[in-house]
Amino acid sequence: MPASAAAARARQASSASSALLTFGRVAAMGTVTALILIAGVWASWGTAQHVLLTKGREQGTVQVTRCGGGVCSGPYSPVSAGSQARERVVIEDSVAVAKGRTYSVVLKPGSGDAVRSGPAGILYAWVPLGGALLLASVVVAGGLRRTRVAWGMAGVGVALLTAAFFAV
């Protein structure tokens, strides 16, 4: 066998293994990216569903009078038809809630748990997705080598987190 034929076969084998490795990298990093984004949506949806799908839910305001143990509480004043006033509802104690302030809320069905509503509540609910977009952008840039897409994802994530910060 001539030396040029052996060299051609070696290049073909090298090219095939390179293509297989590239496919494996893209598949693995694509899967990691998808899992990160799914986790971000999943973490956000637990709160966002109550804020976005308000039809038929009790809506009103809560004046925060006590905070402790990771939760704040206060009296609930209804705004929506069919909602009843309550002496005490519970809202998660976070940077979005401060003692002595009044917030628009939506009550979770069948409980005394409240979730902030309005623009601030919507943005705050999607904060986990903003973080997931930032994390996934690193994987997209490094693992998938799609820098423009990564910059876009990072920009959307930063915009969401910044908007939530200023709205809260």
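I'm calling a crossing left-handed if the near helix is turned anticlockwise from the far one by less than a right angle, and right-handed if clockwise. With that noted, α3 passes α4 in a left-handed crossing.

**Ground rules.** I'm working on a predicted model, where local features need pLDDT of at least 70, side-chain atom pairs count only at pLDDT 80 or more, and totals for chains, interfaces and linings use all residues. Residues are numbered from 1 along each chain as its sequence is written, and side-chain values use heavy atoms, with hydrogens and water left out. Helices (H or I, at least four residues) and strands (E, at least two) are DSSP runs, numbered from the N terminus.

**Entry 1: α3 and α4, one by one.** I checked the lengths against the expected span, which is 1.5 Å times one less than the number of residues in the helix. Helix α3, residues 127-142, has 16 residues and reaches 23 Å from its first C-alpha to its last, close to the 22 Å expected. Helix α4 covers residues 147-167, and its 21 residues should span 30 Å; the end C-alpha atoms are 30 Å apart, which agrees.

Next I looked up burial (buried is under 20% relative accessible area, exposed over 50%, partly exposed in between, with a 1.4 Å probe and protein chains only). In α3 I found Leu129, Gly130, Ala132, Leu133, Ala136, Ser137, Val139 and Val140 buried. In α4 the buried ones are Ala150, Met153, Ala154, Gly157, Leu160 and Ala164. Seen down the axis of α4, these fall within an arc of 125°, so they line one face of the helix. By arc I mean that of the directions from the helix axis to the C-beta atoms. An α-helix has 3.6 residues a turn, so residues three or four places apart point the same way. On the face of α4 turned away from its buried side I noted the exposed residues Arg148, Trp151 and Phe166.

**Entry 2: α3 against α4.** Axes here are lines fitted to C-alpha atoms, for helices over the stretch in contact, and angles run from 0 to 180 degrees between N-to-C directions. The α3 and α4 axes come within 8 Å and cross at roughly 160°. That makes α3 roughly antiparallel to α4. My angle classes: under 35 degrees is roughly parallel, over 145 roughly antiparallel, 65 to 115 roughly perpendicular, and the rest oblique.

The α3 side includes Leu129, Gly130, Leu133, Ala136, Ser137 and Val140, and the α4 side includes Ala150, Met153, Ala154, Gly157, Leu160 and Ala164.

The loop between α3 and α4 holds Arg145. I flagged its phi near 60°, a positive value in a residue other than glycine. At 57% relative accessibility, Arg145 counts as exposed.

**Entry 3: α2 against α4.** Helix α2 is residues 118-125, and its axis and that of α4 come within 9 Å, crossing at roughly 140°. The two are therefore oblique to each other, and this crossing is left-handed. Ala120, Leu123 and Tyr124 in α2 meet Leu160, Ala163, Ala164 and Ala167 in α4.

Which residues of α2 are buried? I get Ala120, Gly121 and Ala125. They cover an arc of only 130° around the axis, which puts them on the same side of α2.

**Entry 4: Leu160.** I came back to Leu160 in α4, which is buried with a relative accessible area of 17%. Leaving aside its neighbours within four places in sequence, Leu160 is in contact with Leu123, Trp126, Leu129 and Gly130.

Entry 5: Not counting residues up to four places away in sequence, Ser117 touches Val51, Ser104, Val105 and Val106.

Thr61 sits in strand β1, residues 59-63, and is partly exposed at 24%. Its C-alpha and that of Ser104, 43 residues apart along the chain, are separated by 4.4 Å. Contacts of Thr61 beyond four places in sequence include Pro75, Tyr76, Thr102 and Ser104.

At 56% relative accessibility, Pro109 counts as exposed. Outside four places in sequence, Pro109 touches His50 and Arg57. Pro109 and Gly56 are 53 residues apart in sequence and 9.3 Å apart in space, C-alpha to C-alpha.

Terms used: Contact = heavy atoms within 4.5 Å.
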